[in-house]
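Work through the following exercises with the sequence and the model side by side. Each task is followed by a solution in steps.

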Amino acid sequence: MRISDVLRNKGTEVFTVQPDTPVRDFLSVMVERRIGACVLSADGVTVVGIVSERDIARALHEGGADILAAPVSAIATAEVHTCHPEESLDDLTRVMTERRVRHIPVLVDGRLAGLVSIGDIVKHRMDELETERQALVDYISSAG
């Protein structure tokens, strides 16, 4: 299975946020959109960072409530691990586990083409297992 298979089912829409967006405003967006991470991009296609709930929690712990007025780029991860749609899900899962990240932007020719989360991978795996289970049930039913 490839990352492109996940994107085919999930879709390729990625919500991005401007790097100068205040953390307070970004928190509202995360709650409204029910997202756990967001790509920072000035133009919607280039990735300059990624910010997650974990980044916000760490910044609040280290800097207190003053961080809410800071730009989201101040707390974002600048070294973003990315992938390509033709990479395998096994490789992506390994990267997420080793690097302890839950969201990885998908790039095509250096342009943002999707975002894959660990939840997307789990859902895709569960759908695969259900399809295989149903095929086995159908096979057993037709053989009897």
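Predicted model: local features only at pLDDT ≥ 70, side-chain atom pairs only at ≥ 80, totals over all residues.

Residues are numbered from 1 along each chain as its sequence is written, and side-chain values use heavy atoms, with hydrogens and water left out.

**Exercise 1.** Determine which residues of the largest nonpolar core touch the most other members.

*Solution.* Begin with the term: a nonpolar core is a set of buried Ala, Val, Leu, Ile, Met, Phe, Trp, Tyr and Cys residues joined through side-chain atoms within 4.5 Å, where buried means under 20% relative accessible area, exposed over 50% and partly exposed in between, with a 1.4 Å probe and protein chains only as cover. The largest such core has 15 residues, and Val17, Phe26, Leu40, Val51, Ile56, Val72 and Ile75 touch the most other members. At least two residues each come from helix 2 (23-33), strand 2 (37-40) and helix 3 (53-63), these being DSSP runs numbered from the N terminus (helices H or I, at least four residues; strands E, at least two). Helix 2 contributes the most, with 3 residues. A separate core of 11 residues includes Ile3, Leu7, Leu92 and Ile104.

**Exercise 2.** Describe how strand 1 and strand 2 are joined.

*Solution.* The two strands run parallel and are joined by 2 bridges; strands pair if DSSP finds at least two bridges between them. Val17 stands opposite Leu40 of strand 2. From strand 2, Cys38 and Leu40 point one way and Ala37 and Val39 the other, and all are buried.

**Exercise 3.** Why does Thr21 count as buried?

*Solution.* Thr21 lies in the loop between strand 1 (16-17) and helix 2. Thr21 counts as buried because its relative accessibility is 16%. Beyond neighbours within four places in sequence, Thr21 is in contact (heavy atoms within 4.5 Å) with Phe26, Ala70, Pro71 and Val72.

**Exercise 4.** Which residues of helix 1 are buried, and what covers them?

*Solution.* In helix 1 (residues 3-10), the buried residues are Ile3, Ser4, Asp5, Val6 and Leu7. Their cover includes helix 4 (89-99), strand 4 (103-108), strand 5 (111-117) and helix 5. Just after helix 1, Gly11 adopts a positive phi of about 105°.
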